[in-house]
Amino acid sequence: MDVAILQALLKASRSHDYFGHENWDHQLKLAVAWNRVDIARSEIFSDERQWKPSELHPVMMAALISNKPEFVKLFLENGVRLKELVTWDTLLYLYQHLDPSCLFHSKLQKVLAEEPERPACGPTAPRVQMHHVAQVLRELLGDFTQPLYPRPRTGDRPRLLLPVPNIKLNMQGVSLRSLYKRSSGHVGFTMDPVRDLLIWAIIQNRRELAEIIWAQSQDCIVAALACSKILKELSKEEEDTDSLEEMLALADEYEHRAVGVFTECYRKDEERAQKLLTRVSEAWGKTTCLQLALEAKDMKFVSHGGIQAFLTKVWWGQLCVDNGLWRVILCMLAFPLLYTNLISFRERKLQARRGLLRVRAFFNAPVVIFHLNVLSYFVFLCLFAYVLMVDFRPTPSWCEYLIYVWLFSLVCEELRQLFYDPDEFGLTKVAFLYFSDFWNKLDIGAILLFIAGLTCRLIPGLLYSGRVILSLDFIMFCLRLMHIFTISKTLGPKIIIVKRMMKDVFFFLFLLAVWVVSFGVAKQAILIHNESRVDWIFRGVVYQSYLTIFGQMPAYIDGVNFSLEQCSPNGTDPYKPKCPESDAVRHEPAFPEWLTVTLLCLYLLFTNILLLNLLIAMFNYTFQQVQEHTDQIWKFQRHDLIEEYHSRPPAPPPFILLSHLHLVIKRVVLKIPAKRHKQLKSKLEKNEESALLSWETYLKDNYLQNQQCQHKQRPERQIQDIGNRVNTVVDLLERESLKRSGSMEQRLASLEAQVAQTSRALHWIMTALRDSGFGSEEGVPTLAPQKASEGQDHELDSRQKADAVGDTHHVNARHLLYPNSHVTRFPVPNEKVPWDTEFLIYDPPFYTDDRKDKGLVDPVGKASLSLLGDVTSPLAPSALEALAGISYNAVDGPIDRRSFHGLYAVQEALPLNPMGRTGLRGRGSLGWFGPNHTLQPVITRWRRNQDGAICRKSIKKMLEVLVVKHPLSESWALPGGSREPGEMLPRKLKRVLRREFWSSFQNLLVQGTEVYKGYVDDPRNTDNAWIETVAVSIHFPDQSDMDLKRLNSHLHTCDPGMSVQWQVVDKRIPLYANHKTILQKVAALFGAFY
């Protein structure tokens, strides 16, 4: 309907040619307002009119704001350039008119609320400016980025956007055309308008629109990673679960795009692809691809083979990657071997020379620095252990002084890492990044504990306490070895799993503590009377209860091993526990042994069997969950270790003090700022950067083309395309057949008119000749009068109608084989169906199924059949007595035996089918004699595409109907049928709806529209029992209807083999024939396709 109206409006507007440009502009506005991009492609963007890109800018902005991606794509195809479209004013307009429900809008309002008040601005509320947007974007992207938009200087005069009246296309009360008239001469500040539009679409979670804009971007890998970072940060504050899942899914999609484009680049040229990783992107806050991926925790991107190859290259420095590790260690121990060809370098000049450059390049490689530090750390631990166990004297020895120097070098290195700021983040940000690392926290804790132990060690009275603290500190230094092993491909993933399992143990201890403390307190209170020693209370309550889990049973829990020699009667012996309650005369325990043993058994049952197996199950779940992504996590964390040793001084502790001294002179005395190595962050020349981005854009286009080809080659897409083509062909054939039948009818009508005219002409000629005296009246041929022929036609039509009535009422009800039985009907021809037609040889068999639910059917089953004797004979007297209590044509107790077609006849105590003979007597498989009333709810909704628009076919809207399918049936059916007496909902409907929704659905039935009421031609009908139904249409026109959402949420099937789903309404739907007739009436009611 809307297509026809729009086409009519377009034709009407085209008839007024004197309007010129405004005429075409009006047509385009109509198409955008009605969201009919197909009409715009075929009717507006044709050869009759050539559009200038500037003329499309207002409607392009309207399509952007109203989220119509198909029109945005159409305008881009017709010459609109985003660099010309997006100016400072238009971008500011877009952000000032964000949807209030958008999460980014609320964050902007918080920023505006935190801004200091300015008296000069007056009482009006502050308006959104681009530096406010930049502040929120920096929170989302991270503090490591620079603001994308500058804060205006004090001398700048803010530009006001005032609406201009009498402009045809207005969005949200602001004129878009006036906006472009004022902005045409303004040079936009934004460095990348495509980036600005992409960010605007991403923060509103507009998937399709962002996809189109991203396809236009040049710095596409950084853009995709930035979108992933923004969406992940927004999802942390999103409260709506559906929106949160959509954001995370979209973030994963952009990470996948970044991986795809980088894969294309890496296949083409590895070196240029690695330049893309470390290139400083001015448009995205002077950050790099690698830094954005790390901050966004895009593990799939970081674990890419090309990025891991780059990290391996950085790890080996100027050494060749294929150098064996044994060669590196051998040259570390005997560096003169560097002058041989044992170690190979990547650069030819280093490979050719034999001087100090080879030694410097070797010891500056991160892999060498790492292994030197590992070797140094092992020496430190061995020396520390030797001092603690062998050489811990009141006066420190030279070995202990060496440990102090060694630790001082470690402290200096930690301070260097804390204040190392090559990117100029500031001390606060650097400190936050430093303390966010777990291993740095462990280092600080170990150093502080060592200082505490050293302080106690230097005080003579606290010498032993100092040794204890230093012993505990040795454990922390040993745990630091786990960080060193993360570089190993074998041990690294296992350490990740251990860290995750430690979290499981932490939460498990809370459960375990409940049982340990409860059993320990109960046991202590039952066995011991008034124990005052705190240490022995702790042992009895916690320590012994905990050891009991591992098999160390208390000896005095029962009277078998009870002995007074193992305890202190009054609790005065500090080395023995207090004795349990006992009889002093007989020296036997006085506590209830049965109770303590029972408590012990229950305690071991819950702790050993239940809780420990729960812990094992938690470990197994964590292992299975982490094992799938362990490789990605290890590759992601590998970067941190490589970056740490890439920036670390080459000398290991304690010789690293020399490097620190050199660093102090360089930074403090000479004032030389710190710089990040070019291998991890490099700024390219403009020409080189332009060529690199053009190459990236070219490969991005290849990636998008490959994705489109793969999408088209998917089986689901191919099946959908084939289905669309078949439907198109069927529609064309139907239209062709309609055209042919119509032309044939016109030709036959014309022929009949000519024959009638010829007949009248011949009659006039014969009359004229006879009146003129020519010929005699004998043998004059007579022409059949028109009325007679019309009467014959009417008689033929009535006879055909009578035949059609017989066919209509009894086609399915006269099938020879009765369903789900071996009974065969008596054949009934079409003309013998009515009861008033004599049929002397009509002798149908009698059949009544013996149903299980005997309380819900009429009492005529096998018992009555035994009374009948011959099933073809009239009913026996006993059978008549069984049916005597039934009242036909009335409400018989809970059963309504009235027919929608009026009164029906009753013969020999049995009712007669008002539609005629069926060839079978009895009740059949139906429940009651006479009419069996059913209810058929026809639940429909409009079929919609992914955009939410209603699908159409042959201009008509398409419906979807809710249908069910039984396990043994090949056809679908409407969710209706017979009802229990006194109930409103059919049994079949109750089997697919949850009980809590029954009352709500009854209200929907009351509000529904009745589309049919009467007899149903069903194969189960007999001469004495038939089905009559009421079909009620329940339609949901809006997809956001709360009743529709509740209906979908309460759909379920009780039987495992039973299915329920929404089917497209079509004449080819595999539905029962009588249900198709009802469905066709519903489609006609809504003017929908069938």
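I started with glutamate 253, which is partly exposed at a relative accessible area of 22%. My cut-offs for that area were under 20% for buried, over 50% for exposed and partly exposed in between (1.4 Å probe, protein chains only). I am working on a predicted model, where local features need pLDDT of at least 70, side-chain atom pairs count only at pLDDT 80 or more, and totals for chains, interfaces and linings use all residues. Residues are numbered from 1 along each chain as its sequence is written, and side-chain values use heavy atoms, with hydrogens and water left out.

**Entry 1: salt bridges**

I took a salt bridge as a side-chain nitrogen of Lys or Arg within 4 Å of a carboxyl oxygen of Asp or Glu. That rule gave me 32 salt bridges.

I then asked which residue pairs with glutamate 253. The partner is arginine 207, with the closest N and O atoms 2.2 Å apart. I read helices as DSSP runs of H or I (at least four residues) and strands as runs of E (at least two), numbered from the N terminus. Arginine 207 sits in helix H12 (residues 207–214) and glutamate 253 in helix H14 (residues 241–268), so this pair links distant parts of the chain, 46 residues apart. Arginine 207 is partly exposed, at 34%. I also found a network of salt bridges that links Arg207, Glu211, Glu253 and Arg257.

Next I looked up aspartate 391. Its side chain meets that of arginine 393 in a salt bridge, 2.7 Å from N to O. Aspartate 391 is buried at 5%, whereas arginine 393 is partly exposed at 48%.

Aspartate 631 is partly exposed at 36%. Lysine 635 counts as buried at 17%.

**Entry 2: backbone**

Most residues other than glycine have a negative phi, and most peptide bonds are trans. I looked for exceptions.

Where is there a cis peptide bond? One joins proline 653 and proline 654, with omega about 0 degrees. Proline 654 is in the loop between H31 and helix H32 (656–669).

Lysine 297 has a positive phi, near 55 degrees. I found lysine 297 in the loop between helix H16 (289–296) and helix H17 (299–302). At 57%, lysine 297 counts as exposed.

Asparagine 889 also has a positive phi, near 60 degrees. Its loop runs between helix H37 (877–883) and strand S6 (891–892). Asparagine 889 is partly exposed, at 23%.
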